[in-house]
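Subject: Handover of a structure with notes

Dear colleague,

Please find below the structure that I am handing over to you. My notes on the findings follow it.

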Amino acid sequence: MSRFVTLTGLALRELWISFRLLGVVGALLLAGMPAALLPHVLTPDLAGAPPDPLTWLAAALGAALALASGLAAATMATERRRGTAGWMAVRGVGRPTIVLAWFAAFAVLLVVGLVPTALLAWLALGVAVLPAGPLPLAASIAAAGCAGLAGIAVGLLSGSILAPWAAAAATAFPVGAVLVSTALGFSGWSTLPASGIGVLATLDTAARPLADAVRGAGAALATAAVALLLAVMGFDRAEL
Amino acid sequence: MTSSTPDALWSSPAVRALRPAAVEVRGVRTRRGDLRGIDLSVPVGARLLLVSQPEDVATTLVRILAGVARPAGGTLSIAGLRWREAADGWGRRVGYVGPATGVYPWLSPREALSLAARLAGLERGDAEERVEDALDRMGVGRDATRPIGRGGPPVAQKVALAAALITDPEVLLADEPLRSVDPAERRRLLTLPGRRRTLVLASRYPASEEGLVNQVALIRDGRLAAHAAVDELAARDLPFNARGIEALADMRVGRAPALGAPSAPVATHADLRPR
């Protein structure tokens, strides 16, 4: 356990020093900006249709989470390639511990980025758009964060077997496509891993947003667990 | 040195006979086919120079022994542990230093060594003592608190070696270590592990390792082509370099040696015990 904590701290420090921490947190904060700004700067004439701030927020959040997933993939692949993961492994640290520590570090990043994003969105939208109060918004953003965790686990999986750029592309584009398309056209199936994003996009019209968000979060966490297990297996077979 | 010193005792024939192999490799092969069922036994306390044709195959074997690469088949044991059987024991009993240092460049040498000690499970007090000792011995005390990246490759490579030795491992696996350090300093640092620790050193420049090792092994065509005491090269008037080791391997298989050296009796396995 102490090794896991040590490695997680080390991973966070590496993310901070390499500006990746700022990149992910900044992208998540920027994702909150459309909700705050677009309704005021875009008119129906400019945008073609009245912009829906919740859809914009969900789509931007999906893109930011895809970026985080791509960064996780590139990070894992780089750790393998430059020998830092090998340096840990020859110290007697189990390979699963290395993967889980990186997952935990990225999870911390998501929390650090999503809390102010949720606050920003609530301050910008308020009860005018969300009459049910802040709880459904917080729950749906948390569910979106869980979808992001699943994306990061997929990133760690591809980073365990591919080269950095290939891993980043193979993760960010599919994850981004799934999350953004869910934001733009949510089917209402809350048992899909990306449905947290869809619940967020339709928060103002949803009948049971809280229950849908919890179901979406559960599906996303289950997906993250499977992807993480595959990532551990892939990393265990990888050359470090 | 008198016969009562630990080194002399450790190297005495009676003790040597009781010691098991420090590294035991049986039938190890890789998917790429650069190792095709290699068998190698390195006695405790031996200092083995491993060379290969092509040159990177020795690196592959050392990386497999260190646990950072996987074999496609075969069995391995180091310091009494089966390959990657017990991660804790492996980290304490086996040290590895490769050409890529693997140390985060933003860590200071002191931080990197403390981290290595902590990950290896050393007690705090013991770890601090060892870190200070390692910094002194490696000659990086002046750079102890500056980021390793600012000191350049020599500092990074010294820290990597110090980290590999921080647990006082029984076996040190070294793959082209300290190539950015000046030769005299490199030689001094590579003798730091002491005479009792088993050393497996993969090198593309065998001539530069003269005096550091007491055994040589050549991997050719994915198999062990020769494994002999260094003295055997001299006994056969072969130079201590890649050509000399290849000529020794040629003699072993009855092929005409490239250097035309006179033939001499081949060393038995007992001759490979460390002196």
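This is a predicted model: local features need pLDDT of at least 70, side-chain atom pairs count only at pLDDT 80 or more; totals for chains, interfaces and linings use all residues.

Helices in these notes are DSSP runs of H or I with at least four residues, strands are runs of E with at least two, and both are numbered from the N terminus.

Confidence in chain A

The average pLDDT of chain A is 89, and 89% of its residues score at least 70. Among the elements of chain A, helix H7 (residues 134-161) has the highest mean pLDDT, 95, while helix H3 (residues 44-47) has the lowest, 51.

Helix H4 of chain A covers residues 53-81, 29 residues in total. From its first C-alpha to its last, H4(A) reaches 42 Å, close to the 42 Å expected at 1.5 Å a residue. How much of H4(A) is buried? Of its 29 residues, 26 are buried, so H4(A) is largely enclosed by the rest of the structure.

Helix H1 of chain A contains A:Leu7. This residue has 22 C-beta neighbours inside 10 Å and therefore counts as buried, the threshold being 20 or more. Leaving aside residues up to four places away in sequence, A:Leu7 touches A:Met88, A:Val93, A:Thr97, A:Ile98 and A:Ala101. Between A:Leu7 and A:Phe173 there are 166 residues of sequence separation and a C-alpha to C-alpha distance of 28 Å.

Contact between the chains

In the interface, 19 residues of chain A are in contact with 22 residues of chain B. On the chain A side, the elements that give two or more residues are helix H1 (2-17) and helix H5 (84-89). H5(A) provides the largest share, five residues. By class, this side of chain A comprises seven nonpolar, six polar and six charged residues.

Chain B overall

Chain B contains 10 helices and 10 strands. Of its 275 residues, 47% are buried. Among contacts in chain B with a separation of 6 or more, 64% join residues 24 or more positions apart.

The sheet of chain B

Four strands of chain B make an open, antiparallel sheet in the order E2-E1-E4-E5. Its edge strands, each pairing on one side only, are E2 (36-43) and E5 (81-82) of chain B. Strand E1 (residues 21-29) of chain B pairs with E2(B) in the antiparallel sense over six bridges. B:Ala21 has B:Pro43 in E2(B) as its bridge partner.

Helix H7 of chain B (residues 148-165) has 18 residues, yet its end C-alpha atoms are only 18 Å apart. A straight helix would reach 26 Å at 1.5 Å a residue.

With kind regards

Technical notes
Residues are numbered from 1 along each chain as its sequence is written. Chains are lettered from A and ligands numbered from 1 in the order in which they are written. pLDDT is the predictor's confidence in each residue, from 0 to 100. Two residues are in contact if their C-beta atoms, placed from the backbone, lie within 7 Å. Ala, Val, Leu, Ile, Met, Phe, Trp, Tyr, Cys and Pro count as nonpolar, Asp, Glu, Lys and Arg as charged, and the others, Gly among them, as polar. The expected span of a helix is 1.5 Å times one less than its number of residues. A residue is buried if 20 or more other C-beta atoms lie within 10 Å of its own, exposed if 12 or fewer, and partly exposed in between; C-beta atoms are placed from the backbone. Two strands pair if DSSP finds at least two bridges between them.
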